[in-house]
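Reader: I would like to learn how to read the features of a model such as this one, step by step. Could we look at it together?

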Amino acid sequence: MGEQPIFTCNAHVFHIDPKTKRTWITASSKAIAVSFFYDSSRNLYRIISVEGSKAVINSTITPNMTFTQTSQKFGQWSDVRANTVYGLGFASEAELGKFIVKFQEVKEATKDALNKASANGNSAAASANASPITARASANSGDIFESGNLEPPLAPASTISTSCKTDSPSHNNISETNANNLNSELKQLSINNTVSSDGTVPSTTEQQLKYENERLKLALAQSSANAKKWEIELATLKSNNLRLTSALQESTANVDEWKRQLHSYKEENQRLKLRYQDLEAGKGGAVPLAGGGNVAGVASTELTEELRREIVSLKSRIEGLEADLMNQEVELKAANKSLKDKQNDPTLKQMTNLCNQFNAQITELSGIQKEMEKLIQVQHKST
């Protein structure tokens with residue numbers, strides 16, 4: 001039946017640097033599937049992981065292998081046949097725990113299979129040599145080394161934490177919570193001293209200073225992004241406030257102008273009423289005409305009709321102006337209320353305070369970062 005998968009999980013894959021044998025090299029661009037395979041025909045267990053067409057892990061499990069957890073979400077094991085050390089970064093401690101349990105189960109099963117093969121006179125080494133990675137292991141047999149507890153990758157580890165959140169639609173929105181998560185991930189990845197091939201031990205103080213410097217850079221970048229965002233919000237509110245104030249002033253000017261026009265129309269209406277009353281009073285002294293009418297009566301009738309039309313027209317204009325005036329007064333009151341609410345809006349004050357606080361934090365973080373860089377330079381000079 002060939003090889004069959006018996007367990008699969010997702011993790012970021014790392015390889016030990018073959019040159020320094022102290023630092024990690026990222027082997028996968030994201031969290032990929034890592035699977036345990038069992039070959040029943042050869043009684044072998046292998047850990048295999050493939051990204052695209054490239055196999056980033058191809059490790060045959062032997063009874064002497066040991067999986068070591070070096071931090072909360074990171075673990076490693078040494079493959080002597082492949083002449084390398086594999087590292088896995090998980091999204092959570094629970095997933096790492098499941099992998100450790102399965103690794104121990106497969107290791108015990110391999111040990112049992114080796115004992116049975118020895119009892120039957122079969123060589124377990126012959127079966128292991130059937131692995132497709134044996135040729136590469138024999139070619140690099142001169143470079144075999146003991147891994148010990150290697151230092152978990154600092155930079156790729158922060159990539160692990162962010163890559164595990166890419167399924168969230170709000171991942172691109174940089175926030176204060178994301179910066180705190182990054183800082184906690186950096187703190188959880190402990191710095192382990194590793195003895196290199198020449199027997200030297202890296203300086204713990206220098207590593208700690210570098211760690212603090214990276215953490216401050218993250219906090220500074222996050223604070224700068226938040227400060228810019230709040231500055232944009234504050235500028236938008238100020239612009240809206242200016243537009244509202246301008247519209248309020250324009251409405252006030254229009255209301256005053258309409259009040260003056262209404263007063264003028266009322267005076268004109270009063271004058272026409274008086275003139276109409278004078279014409280009505282002068283009807284009695286009109287001169288009679290031959291046809292039974294009189295000249296003054298005809299003239300006054302025409303003037304009366306004309307005055308009536310003017311009065312009706314003025315009344316309609318006055319009514320329209322009064323309606324417009326009432327609408328403008330309502331709008332003016334609403335605008336005044338909105339302006340007062342905007343001026344007393346606690347959100348605007350809070351944004352101003354937050355912007356000032358972010359600016360102060362950025363200045364403080366910049367100073368601390370410069371001091372950390374000076375300390376690192378001094379440490380380099382002393383070593």
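Reader: Which residue forms a salt bridge with Glu 257?

Author: Side chains of opposite charge can pair when their charged atoms come close. In this predicted model, Glu 257 forms a salt bridge (a side-chain nitrogen of Lys or Arg within 4 Å of a carboxyl oxygen of Asp or Glu) with Arg 260, and the closest N and O atoms are 2.4 Å apart. The two residues, Glu 257 and Arg 260, lie 3 residues apart in helix α6 (residues 204-281), so about one helical turn separates them; helices here are DSSP runs of H or I with at least four residues, strands are runs of E with at least two, and both are numbered from the N terminus. Glu 257 is partly exposed, with a relative accessible area of 34%, where buried means under 20%, exposed over 50% and partly exposed in between, for a 1.4 Å probe and protein chains only.

Author: Before we go on, residues are numbered from 1 along each chain as its sequence is written. The model being predicted, local features need pLDDT of at least 70 and side-chain atom pairs count only at pLDDT 80 or more, while totals for chains, interfaces and linings use all residues, and side-chain values use heavy atoms, with hydrogens and water left out.

Reader: How many salt bridges does a search of the whole structure find?

Author: The search finds 6. Among them is the pair of Arg 308 and Glu 305, whose side chains meet at 3.5 Å, N to O, and which are 3 residues apart in helix α7 (residues 295-343), about one helical turn. Arg 308 is partly exposed at 41%, and Glu 305 is likewise partly exposed at 35% relative accessibility. Another pair is Asp 39 with Arg 42, the closest N and O atoms being 2.8 Å apart; here Asp 39 is buried, with a relative accessible area of 4%, whereas Arg 42 is partly exposed at 26%.

Reader: Which strands does β3 pair with?

Author: Two strands pair if DSSP finds at least two bridges between them. Strand β3 (residues 32-39) is joined to β1 by 8 bridges, the two running antiparallel, and Ala 33 in β3 is the bridge partner of Asn 10. On strand β4 (residues 44-51), which is also antiparallel to β3 and joined by 5 bridges, Ile 47 stands opposite Phe 36. β3 and β4 form a hairpin with 4 residues between them, and Asn 43 in the turn has a positive phi of about 60°. Because 6 of the 8 residues of β3 are buried, this strand is largely enclosed by the rest of the structure.

Reader: Is strand β8 largely enclosed by the rest of the structure or exposed, and why?

Author: Strand β8 (residues 84-89) is largely enclosed, because 6 of its 6 residues are buried. Thr 84, Tyr 86 and Leu 88 point one way from β8, while Val 85, Gly 87 and Gly 89 point the other way. Strand β1 (residues 3-16) runs antiparallel to β8 with 4 bridges, His 12 standing opposite Gly 89. Strand β7 (residues 74-79) pairs with β8 in the antiparallel sense over 6 bridges, Gly 75 standing opposite Leu 88, and β7 and β8 form a hairpin in whose turn Asn 83 has a positive phi of about 55°.
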